[in-house]
Structure formats: C-alpha cells, structure tokens
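Here are my notes on the packing in this model. Please read them with the structure open.

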Amino acid sequence: MRAPYGSGPLAPAVLAVRGAALLLALVALAHTLVHGLAEPGLALVFGLLVAAGELIRRDVAGEREPAPLAAAGALAYALLGDSAGRPTAHGALQVIAVVVVAQALAAVPRAACGRRTDADRAARRTLTVGFAAVCFQPLYASGQAERWFGDGPWFPLFPLTVLALTALCDTVLAALLARSAARAEGPGALPPYGSLLADEVRALAGTGTAIGVTGVVTALGVAVAGPWAPAVLCGPLLLTQVSARRYAAVRTTCRQTMASLARATEIAGYTPPGHARRVAALATAVGRELGLTGPRLTVLEHAALMHDIGQLSLVDPVAGGATALLPAAEQRRIALLGGAVVRRTGAGPAVAAVVERQADPYREQPLAARIVRTVNAYDDLCGEGVGGPLGALEQLRLGTGHDHQPQVVEALGRVLARGGLTPAGAG
C-alpha cells in the first residue's frame, strides 16, 4: 500500500510543489484582501461548487481525481470571461484565492469527521488552476484573445487551448508526485518517471477529459446564462462521480476476494506464510522497474497474488510450496488449474491468462507472466537455502536460456540491490 507523503521525510519534489503552491496561495490571498473581491456573487457560486465537490469526495486508493466536481468548478472559474454577456473582472489571483479558501473550508468538516486531507492533491490543484487562470485571464481581459480568435464560433478554441496546456501541466505534476509516493514505499519501488508520465497522459482520455470539457462548457454557459449555469451543467459530472464510487467499491471487494484466496493456500499448508504477499510486492516493484504502470501493473499484482491458487487441486502439498522446482509439465498443469479458478473470481481474463501462462517458456509468455515466474522462482529458491538472495539470483541467471528472460532477472537484481538484497522469506 502506498505510504502517505507525510509518513516520512518528504522528497524534494514534494517540498517544491507544496512550497510553490503555498507561495502562490499567499500572494493571491494578499492581493484579494488588498483589492477586494470582484463580483462576489460569482466568487460565492464557484467557491461553493469547489467546496461541495471536496466535501463529497471519497479517497479511494489509486484514483487519480477523487473530486471531479471540485476540479471542474475550479477550472470553470479560471476560464470564465463573461457572465450573462457582461465582462468579468475577477482576474487570475482572485481565482486562486477563491479555490484555496474553498478547499480550506471543505477541509475543516472533513478533519472533524476524521477524514484525511491530502495536502499534495490540494497543492497540485492550486498550481494547476493557477496555471489555467494565468494563461486565460490576462489575455481575455486585455482583448488579445478576441483579436486572435475573434468573437464568433472560433472563440471556444481559446479556452480549449488553455485547457490542453493545463492538462499537460497537471500530468507533469501528477507524475512527479506519484514518483515521490513510490519512493516513500521503499528503494525497490521506484518507477521510471517517463512511464508514470505516459500513464498520466493516457488517463486523460477518461475522467480527465470529462472534467476539462465540463469546466469549459460551464464557463461558456455562465457567459451566456449567468451564475445559475453551473447547477445544471455540472449535474452529469456529479452522477459520474457517484457511479465511479460504486465501481471503486466493487473493485475493492474484488481485490479483497483475491487477497483472501491467495491466503487460502497458506492456511491449507500448500505455501509458506507470506509467500503470495512477498511475490506480489516484489513482482510489482519489478514491473515498475520495467516500465509497467496503470492497469498493466494492476493485472501483474493481482496475478502475482493468485499465482499459486492452482495448488489447492493437489492431493499432497509440494514440499515447501516450491512449484519452481517441479517438472515443467506439472508446473503447467498447476498453472492451468489456477487460471481456471481465477476466471471464476471475477478478476478478469487478463489476470487469469497471466496465471495460466506463468509456467510456459518465457519466449511464449506475456511480460507479466515472465515477471511472476521469475519472482516466484526467486522466493522459492530463497526458501530452499541455495545461498540466500545472491545464490537465488545466480540460479535464475543460469536459467535465462530457457526459463527466465534476462531483462526480467536483471530488473529483479536492481530492485533487490536497492532494497539491500534482503531475503525473500524475511517478511
């Protein structure tokens, strides 16, 4: 499980993001206090929208944006030029101030109820909304945007262009914070930044696009209909948020089911205690080392958790649960039986396919199956007393001609080296 940023020494990237967001917030609040609040009615509408989105959010592990309503409302205020046909004058700094105050007000009742406040997500939103407001508001107020895009049907291209740039800014920050969070898990869990950035860019096709488009449409709706437009235009996003929560609950239940099934082999005495958990944790770290992110990493983790479930079909347990030491035909039979069980759990065909193919020659396997095969063999060899982690790695390197892909073995070696080469059976 990912450690919170506040659980240990903060990474320089996290400190930089928090420091920049704090400085921007202080400047915006000071400017707003000195110059007063322009269009207080609009500020109240968008402030309430952001605060409401923060209040109803639920923190779900792995969810990129748990408060899409708040994100869309903040973007809409940053991209707001007119209200009911009349130009606004709130400016970029007031946008930042209103968003910061709304987030702070929403954090008070959340803290009173014992719900966690994610300082890094708040800092990221402050910087992202600040970027959008700084790109949009000065150009709109000066009339430069109208000279570039005109005042007709082409004008929406301006906020859409700003939105695209803002999305890129947000993905850079999100990948930076995700890498810092992975660093907090331990030295063996550090994924390449490029893989995380590519994963964040791919995620824009989902909820990110819905948030951005809702923000632009809401801003354009307020320009025509006035402050009441957000109540109508943000409704579909609210329904999407509710549906996403239900999906997350189903996904959590599925993962708990898989974890329970993984422990079944330990309880029945077929595998050593903690074997499935160790293989899943180490396989996930190796997957990150090889550039797997997002859904592909999730499939790998779930398959690693359940890779030994086929042993429940055996009449007599394998000595020490070490399937890596069995004949190839027996390994494949157990893997196929395990895949059949996984298909009945609702884990998905991708997870079942990895479990089924973990005993095949590595040249015929998908990457996830190669990782599970190698990490499982490493844990089994450590339990057999072949000279500890270094001896187990040497055995794996001797098998790279047929059983293990050399790149996977070397990635495992790098992960273990960063983690101090602790014995797999230690935890």
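1. Start with the aromatic cluster. Ring pairs join F136, Y140, F149, F155 and F158. Rings of Phe, Tyr and Trp (its six-membered ring) count as paired if their centres lie within 6.5 Å; planes under 30 degrees apart are stacked, over 60 edge-to-face, and the rest tilted. The whole structure holds 6 aromatic pairs.

2. A caution on the source. This is a predicted model: local features need pLDDT of at least 70, side-chain atom pairs count only at pLDDT 80 or more, and totals for chains, interfaces and linings use all residues. Residues are numbered from 1 along each chain as its sequence is written, and side-chain values use heavy atoms, with hydrogens and water left out.

3. Look at F136 and F158. Their ring centres are 4.9 Å apart and their planes are at 20°, so the pair is stacked. F136 sits in helix α5 (residues 119–141) and F158 in helix α7 (residues 157–185), 22 residues apart. Helices are DSSP runs (H or I, at least four residues), numbered from the N terminus.

4. F158 also pairs with F149. That pair is tilted, with 5.6 Å centre to centre and 35° between the planes.

5. Now burial. Buried means under 20% relative accessible area, exposed over 50%, partly exposed in between (1.4 Å probe, protein chains only). F136 is buried at 2%, and F158 is buried at 3%. F149 is partly exposed at 24%.

6. Finally, the largest nonpolar core. A nonpolar core is a set of buried Ala, Val, Leu, Ile, Met, Phe, Trp, Tyr and Cys residues joined through side-chain atoms within 4.5 Å. The largest has 41 residues, and Y378 and L412 make the most contacts inside it. Helix α15 gives the largest share of this core, 9 residues.

Definitions and conventions: Helices (H or I, at least four residues) and strands (E, at least two) are DSSP runs, numbered from the N terminus.
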